[in-house]
Amino acid sequence: TVTGLRSYEAARRKRAAQIVRRSYAAGRLAQSSSALGTRARDLLMGSLPDRLHGIQQRRIVDVELPPL
């Protein structure tokens with residue numbers, strides 16, 4: 001139905017925008033070229049438990065969009 005498709009599309013766009021924003025922020029952090037930024041990035045990434053990386057990945061993959 002048209003209503004179902006619009007609901008699905010709205011949810012999909014919102015979700016896609018969140019992923020784009022997070023990806024952009026992660027990319028900026030990963031591409032840091034200043035000595036201070038590089039040290040901060042390496043310290044932060046090295047201190048995160050592996051399970052947190054999995055949580056972030058699951059947030060991207062596990063999604064329930066409205067049925068069409």
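This is a predicted model: local features need pLDDT of at least 70, side-chain atom pairs count only at pLDDT 80 or more; totals for chains, interfaces and linings use all residues.
Salt bridges, a surface patch and a pocket

Glu9 and Arg12 are joined by a salt bridge, with their closest N and O atoms 2.6 Å apart. Glu9 is partly exposed, with a relative accessible area of 25%. Arg12 is also partly exposed, at 32%.

Glu9 has a further partner. Its side chain meets that of Arg13 in a salt bridge, at 3.0 Å from N to O. Arg13 and Glu9 are four residues apart in helix 1, so about one helical turn lies between them. Arg13 is exposed, with a relative accessible area of 54%. Together, Glu9, Arg12 and Arg13 are linked in a network of salt bridges.

The structure holds three salt bridges. One of them is formed by Asp42 and Arg41, whose closest N and O atoms are 3.1 Å apart. Is each of these two residues buried or exposed, or something in between? Asp42 is partly exposed, with a relative accessible area of 46%. Arg41 counts as buried because its relative accessible area is 17%, and buried means under 20%.

The next feature is a patch on the surface. Ile19, Ile60 and Val61 form this nonpolar patch, and together they have about 250 Å² of accessible area. Ile19 sits in helix 1. Ile19 is partly exposed, with a relative accessible area of 30%.

Rolling a probe the size of a water molecule over the atoms shows where empty space is left. In this model, the largest pocket holds about 450 Å³ of space. Its lining is made up of 15 residues, and those nearest the centre of the pocket are Arg22, Ala26, Met45, His53 and Gln56.

Which helices supply the lining of the largest pocket? Helix 1, spanning 2-30, helix 2, spanning 35-47, and helix 3, spanning 50-61, each give at least two residues. Helix 1 provides the largest share, with six residues. Sorted by class, the lining of the largest pocket consists of nine nonpolar, four polar and two charged residues.

Conventions. Residues are numbered from 1 along each chain as its sequence is written. Side-chain values use heavy atoms; hydrogens and water are left out. On a 1 Å grid over the protein atoms alone, a cavity is a set of points where a 1.4 Å probe fits but cannot get out, and a pocket is an open set with protein on both sides within 12 Å along at least five of seven lines; lining residues have an atom within 4 Å of a point. Grid points are joined across faces, edges and corners, and a volume is the space filled by probe spheres set on the points. Ala, Val, Leu, Ile, Met, Phe, Trp, Tyr, Cys and Pro count as nonpolar, Asp, Glu, Lys and Arg as charged, and the others, Gly among them, as polar. Patches are made of residues with over 30% relative accessible area and no salt bridge: like charges are joined within 9 Å, nonpolar side chains (Val, Leu, Ile, Met, Phe, Trp, Tyr) within 5 Å. Accessible areas come from the Shrake-Rupley method with a 1.4 Å probe; for residues, only the protein chains shown count as cover. A salt bridge is a side-chain nitrogen of Lys or Arg within 4 Å of a carboxyl oxygen of Asp or Glu. Buried means under 20% relative accessible area, exposed over 50%, partly exposed in between (1.4 Å probe, protein chains only).
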